[in-house]
Amino acid sequence: MLTDKIVVLGITGSIAAYKAAELASRLTQAGVRVDVVMTEAAQKFISPLTLRSLTHRLVASDMWEPLEEHRISHVSMAQAADVVVIAPATANIIAKIACGMADDLLSSMVLATKAPVIIAPAMNVNMYENPVTHANIEKLRERGFYIVEPCTGRLACDTVGRGRLAETAQIMGAIKIVLGKNGDMAGKKVVVTAGGTREPIDPVRFIGNRSSGKMGYALAESARDRGARVTLVTAAGLPEPTGIETLAVESAAEMLAAVQKAVKGADALVMAAAVADFRPKVMAKSKIKKATLSLNMELERTPDILADAEGNFIRVGFAAESENLLANAKKKLADKVLDLIVANDVTAAGSGFGTDTNKVTLISRDGSETDLPLMTKREVADKVWDWVVTNE
Ligand code: PMT
């Protein structure tokens with residue numbers, strides 16, 4: 001989704017300017033054309049040559065010396081941009097933009113653009129918490145600017161507090177959200193499950209499985225990037241993805257409760273989670289001692305979350321199979337009354353639990369099958385949403 005997009009990356013005079021190099025590099029690697037605009041102060045912290053080397057593009061900074069070979073002026077840049085990102089954004093540039101000032105290339109370009117603008121502040125905690133800065137940020141938010149909040153941590157001024165530039169992954173996530181706003185899933189609400197549930201045996205032990213959550217997170221991020229509002233119910237414990245409502249659960253019972261709540265008004269439920277089929281009938285209140293010579297545990301069935309979820313939405317299940325892949329998956333499709341099942345061959349190399357790639361066959365409610373080659377989990381996710389978008 002980022003390929004061939006044009007991002008104007010504004011860098012201002014903060015010690016965090018060096019982190020903009022990583023952002024520029026990640027964007028360039030993702031196929032984005034990155035046009036960098038640096039303020040004079042930014043160049044005291046990081047050299048334009050670094051950004052030029054990473055983006056393979058000329059770096060602009062001076063209003064009065066347009067880079068003719070690239071026809072860069074504040075107006076042409078403003079018009080070409082799909083999105084403008086200012087990272088790091090100092091209190092000074094935030095104040096200038098909030099007031100509509102245009103006394104350098106970056107502020108002029110922001111005033112002239114019709115593209116969405118993302119602001120990632122970075123500054124000393126007192127400057128960040130100053131009511132003037134606060135009011136300026138709120139003013140920009142009200143005007144539709146997308147703010148990537150700074151994190152709390154150790155700052156360059158040797159204090160600990162709020163004001164550290166958000167992580168590159170968060171800024172990348174914000175760019176994807178903003179670019180995906182008009183995507184083919186804009187206005188849709190979807191619920192995705194991820195990870196393997198843990199069914200407690202006693203306070204320290206559980207019955208679990210090998211699901212890492214990667215497939216579910218790829219589904220959630222893919223839907224977000226196409227403009228959907230996404231709720232991710234996860235038993236995986238991975239970091240929360242930007243722009244996705246993330247509900248952490250452990251057991252099948254907790255996942256059931258979270259899904260039942262989240263699917264209200266949803267357009268689709270996609271369950272990539274590996275939900276335990278059985279759980280201990282009784283959880284021991286204290287740790288079971290190993291002096292116990294043998295242990296017999298009575299198990300009971302867990303609720304079927306996918307089959308029991310109530311509502312009028314597209315239902316997609318996954319079936320991780322080690323034998324009779326298609327036959328077993330088709331049985332689940334019918335038994336759970338699904339619209340689509342993703343038959344997942346967990347015996348193929350590079351496929352199934354914990355891998356970054358997956359080998360699946362999509363089987364739809366009318367019985368038609370699409371056998372996909374080994375692809376990244378993100379590509380599998382894109383294919384699942386392609387099906388949902390065209391078959392709802
Ligand atoms: O997390 P990763 O490491 O990336 O691995 C991805 C994966 C292999 C876990 C994923 O691609 C996958 O195949 N998930 C389904 C696992 C499975 O075998 O589910 P199942 O056959 O037990 O159940 C079929 C469907 O019903 C699934 O969508 C499951 O979420 C759902 N289910 C199952 C049991 C239950 N009690 N309630 C449910 O809703």
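**Entry 1: the ligand.** I looked up Ile305 in this predicted model and found one of its backbone N or O atoms 3.1 Å from a nitrogen atom of the ligand. I then turned to Asn344, where a polar side-chain atom lies 2.6 Å from an oxygen atom of the ligand. For Gly354 I noted a polar backbone atom 2.7 Å from an oxygen atom of the ligand.

**Entry 2: the residues around the ligand.** I asked which of the 28 residues around the ligand come nearest. They are Ser211, Ser212, Lys332, Asn344 and Gly354.

**Entry 3: the two domains.** I took the domain assignment of the protein chain, which gives domain 1 as 6-179 and domain 2 as 189-391. Between the centres of the two domains, taken over C-alpha atoms, I noted 38 Å. Six residues from domain 1 and four residues from domain 2 make up the contact.

**Entry 4: the interface.** I recorded a buried area of about 410 Å² between domain 1 and domain 2, with carbon and sulfur atoms giving 57% of it. Which residues of domain 1 lose the most area to domain 2? I found Gln170, Lys176 and Ile177, which together account for 78% of what that side buries.

I then searched for salt bridges across the interface of domain 1 and domain 2, and the rule finds zero. By class, I listed three nonpolar, two polar and one charged residues on the side of domain 1 that touches domain 2.

Technical notes. Residues numbered from 1 in each chain as written. Predicted model: local features only at pLDDT ≥ 70, side-chain atom pairs only at ≥ 80, totals over all residues. Heavy atoms only, no water. Domains from an automatic or database assignment. Contact = heavy atoms within 4.5 Å. Buried area = accessible area lost by both parts, 1.4 Å probe. Salt bridge = Lys/Arg side-chain N within 4 Å of Asp/Glu carboxyl O. Nonpolar A, V, L, I, M, F, W, Y, C, P; charged D, E, K, R; others polar. Near = heavy atom within 4 Å. Polar contact = N/O pair within 3.5 Å; in protein donor to acceptor, adjacent residues only side chain to side chain.
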